Number of protein chains: 2
Amino acid sequence: MLDFTLENISAEELQRLRAVYEPLAQSVRELIDATIRTEVDANAVAAAKAEIDSATARLRHKRLDGTFGVRYLNSGERMAWGNVVIGIRNPIAPPLVVQHDASGTSWCDFHLGAAYEGPPGHVHGGVAALVLDHLLGEAASDGVNPRLTGTISFRYVRATRLGDLHAEAVTTRTDGVKTYATGHLADDEGVTVEAEGVFIQPRWARDRSD
Amino acid sequence: MLDFTLENISAEELQRLRAVYEPLAQSVRELIDATIRTEVDANAVAAAKAEIDSATARLRHKRLDGTFGVRYLNSGERMAWGNVVIGIRNPIAPPLVVQHDASGTSWCDFHLGAAYEGPPGHVHGGVAALVLDHLLGEAASDGVNPRLTGTISFRYVRATRLGDLHAEAVTTRTDGVKTYATGHLADDEGVTVEAEGVFIQPRWARDRSD
């Protein structure tokens with residue numbers, strides 16, 4: 001069962017928590033990049049590793065039993081800070097900051113570096129799928145009640161260069177619990193991957209809106 | 001242009017490099033999990049962050065100008081240590097260790113924790129796509145010359161629990177530069193995501209095998 005307890009966190013407290021934990025995740029993102037690209041010798045690696053292990057021990061002194069999950073706040077906000085694509089506390093997440101414009105398009109501009117590599121110098125095809133799956137899902141959702149992927153397909157037009165990227169998605173129609181969405185990923189020379197999918201409102205989210 | 005210089009690294013040197021850098025990436029994986037799940041206070045976070053930033057500075061003292069890329073060794077081995085799915089030097093990679101059995105099936109057993117979360121307690125649908133895209137691509141490749149994704153589709157049977165997972169893929173046929181593959185992801189209760197895709201030998205890899 002999923003836990004949908006609403007948490008009573010004030011806007012000020014949310015801001016304070018964000019100011020504590022967001023810079024930590026950003027530091028870890030820099031460390032991930034450094035870990036992949038470093039050429040320092042074994043002694044320097046050992047010294048870095050000792051500091052990393054010490055930081056991990058400090059952070060584990062008090063921690064959640066499980067995952068971060070998704071917390072719903074009394075304010076109506078959805079706090080998905082652990083999410084692998086948008087989570088500001090998840091160092092794996094770029095993180096995407098999804099925008100929604102008046103025409104119904106969901107989009108984001110973001111940067112992918114060495115940590116997201118597949119073919120040399122290029123974004124892993126599966127990372128393009130990860131980003132687009134999330135973005136089409138956000139387009140298909142209303143911001144609070146999620147719709148989860150039913151089916152999704154990707155067409156790779158050409159390889160996507162690592163660097164500054166843009167992705168966007170729109171819903172094309174909704175039929176009961178199913179919402180259809182399309183979208184694409186682009187680098188600075190244009191569209192590289194096209195996606196289309198069907199997103200489904202999960203049973204627990206239907207129950208929740210009763 | 002992609003660089004396919006063969007590197008002359010002995011088996012002993014490869015082993016030595018692995019022993020230096022693999023444990024570093026593993027430490028960063030532990031740190032990623034701790035960063036998402038920590039509940040320590042602002043002072044403890046600041047102390048951890050200082051250690052992380054110090055480690056990053058040490059590692060950046062000497063580093064590659066660009067990404068890790070894929071290095072081809074004289075021994076015939078492909079060294080994709082920076083790859084986001086299988087890279088032993090990439091802390092984002094679980095990393096997958098892909099096995100190939102005599103029947104032509106490519107498979108892997110692996111664990112996904114808090115860092116790969118989408119819906120609470122469950123694997124992000126896009127992470128399932130990332131893993132399967134890679135695995136079907138490996139099944140469609142011969143181990144050295146890669147085939148890249150042309151098109152791929154996913155059907156989500158049900159949500160995938162975070163934890164110990166299994167994925168497998170087979171090629172169904174090859175027609176010129178196109179190879180067709182199918183596969184699935186499973187948790188301890190069975191198949192959760194099905195995939196099928198067409199993988200294409202890129203022009204540069206065709207040139208290379210001349």
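In the predicted model, R155(A) stands opposite T151(B) in β6(B). This facing pair belongs to a strand pairing between the chains. β6(A) and strand β6 of chain B, residues 148–156, run antiparallel and are joined over five bridges.

The two chains are related by symmetry. A rotation of 180°, with 0.0 Å of shift along its axis, superposes chain A on chain B at an RMSD of 0.0 Å. That is the relation of a two-fold axis. Within chain A, S153(A) comes closest to the rotation axis, with its C-alpha at 2.0 Å. The copies meet through the same surface, because 100% of the interface residues of chain A are also interface residues in chain B.

The extent of the contact was then computed. Chain A contributes 78 residues, and chain B contributes 78 residues. The size of an interface is often given as the accessible area lost when the parts come together. Between chain A and chain B, the buried area is about 7,300 Å². Carbon and sulfur atoms give 63% of that area.

Six salt bridges were counted between chain A and chain B. In a salt bridge, the side chain of E30(A) meets that of R60(B), with N to O at 2.8 Å. On chain A, the side that touches chain B draws at least two residues from each of α1 (11–37), α2 (42–60), α3 (125–140) and β6 (148–156). By class, this side of chain A holds 40 nonpolar, 22 polar and 16 charged residues.

Key
Residues numbered from 1 in each chain as written. Chains lettered and ligands numbered in written order. Predicted model: local features only at pLDDT ≥ 70, side-chain atom pairs only at ≥ 80, totals over all residues. Heavy atoms only, no water. Contact = heavy atoms within 4.5 Å. Buried area = accessible area lost by both parts, 1.4 Å probe. Salt bridge = Lys/Arg side-chain N within 4 Å of Asp/Glu carboxyl O. Helix = DSSP H or I, 4+ residues; strand = E, 2+ residues; numbered from the N terminus. Nonpolar A, V, L, I, M, F, W, Y, C, P; charged D, E, K, R; others polar. Pairing = 2+ DSSP bridges. Least-squares fit on C-alpha atoms with pLDDT ≥ 70 in both.
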